[in-house]
Amino acid sequence: HKATRVSEKMPRSRLASLALVALCLFAFACSARAALDPSWQDTETTTKMYNVITNHENEDLKKMLDEDEDIAAVRAADGRGPMWWAHEAKNEEAMELLKKAGADENWQDADGKTCKDFTHGQMTDYMKKLFAEQEAAAEEQRRKLQEQVDADDDDDDDDDDDDDDDDDEDDKEE
């Protein structure tokens, strides 16, 4: 019965470990972003703006800007925003609408580059570094979790040996 109790605890410890890994990764990502402008975040608004601008849905963009001119200045986590996306999509009408709403082509992203002087379609150096750091942290957490699972499995093997002796005695009686 002792082996049963250990195996019942294992899923909880694994779940707790996975929850800890997720929490650590989330905290790491948040702290890395905090080093930049904290308003730079991937949000529903940035996603919608990206889609509207890159799909040349300029009437929708105009309506959005009429409702809230400040969205011309939203930024994704890498510091890029509507003006970068308009340049990337070669959407000149969007560029003009954004300028009228207050967007500036001289604003800089997380790497210090403007919408005119970076390679479109490429991840910023900042995001590459952030992803590499997150992956390294996640790999370290996976390694620690695997060590814990292996240690738990070793504990189970010890308990199973005790049970196996009992099973062998039962087999001899038959």
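Predicted model: local features only at pLDDT ≥ 70, side-chain atom pairs only at ≥ 80, totals over all residues.
Residues are numbered from 1 along each chain as its sequence is written, and side-chain values use heavy atoms, with hydrogens and water left out. Local features need pLDDT of at least 70, side-chain atom pairs count only at pLDDT 80 or more, and totals for chains, interfaces and linings use all residues.

**Helix 5**

Helices are DSSP runs (H or I, at least four residues), numbered from the N terminus. Helix 5 spans residues 92-100. Ala-94, Met-95, Leu-97 and Leu-98 are buried there. Buried means under 20% relative accessible area, exposed over 50%, and partly exposed in between, with a 1.4 Å probe and protein chains only. Seen down the axis of helix 5, the buried residues fall within an arc of 165 degrees, so they line one face of the helix. The arc is that of the directions from the helix axis to the C-beta atoms. An α-helix has 3.6 residues a turn, so residues three or four places apart point the same way.

Glu-92 and Lys-100 are exposed on the other side of helix 5. The cover over its buried residues includes helix 2 (44-54), helix 3 (58-67) and helix 4 (82-88).

**Helix 2 against helix 3**

The axes of helix 2 and helix 3 come within 8 Å and cross at roughly 140 degrees. That makes helix 2 oblique to helix 3. Axes are lines fitted to C-alpha atoms, for helices over the stretch in contact, and angles run from 0 to 180 degrees between N-to-C directions. Under 35 degrees counts as roughly parallel, over 145 as roughly antiparallel, 65 to 115 as roughly perpendicular, and the rest as oblique.

On the helix 2 side, Lys-48, Met-49, Val-52 and Ile-53 take part. They meet Asp-60, Leu-61 and Met-64 in helix 3. Contact means heavy atoms within 4.5 Å.

**The aromatic pair**

A search of the whole structure finds one aromatic pair. Tyr-50 and Trp-85 form it, edge-to-face, at 5.6 Å centre to centre and 85 degrees between the planes. Rings of Phe, Tyr and Trp (its six-membered ring) pair if their centres lie within 6.5 Å; planes under 30 degrees apart count as stacked, over 60 as edge-to-face and the rest as tilted. The pair links distant parts of the chain, with Tyr-50 in helix 2 and Trp-85 in helix 4, 35 residues apart.

Trp-85 is buried at 6% relative accessibility. Tyr-50 is partly exposed at 34%. Leaving out residues up to four places away in sequence, Trp-85 touches Thr-46, Met-49, Tyr-50, Ile-53, Thr-54, Ala-76 and Arg-80. The C-alpha atoms of Trp-85 and Val-52 are separated by 9.7 Å, and these residues are 33 apart along the chain.

**Loops and positive phi**

Most residues other than glycine have a negative phi.

Just after helix 5, Gly-102 takes a positive phi of about 110 degrees. Thr-114 is found in the loop between helix 5 and helix 6 (125-173). Thr-114 is buried, with a relative accessible area of 12%. Beyond its neighbours within four places in sequence, Thr-114 is in contact with Trp-84, Glu-105, Asn-106, Trp-107 and Gln-108.

Key. Helix = DSSP H or I, 4+ residues; strand = E, 2+ residues; numbered from the N terminus.
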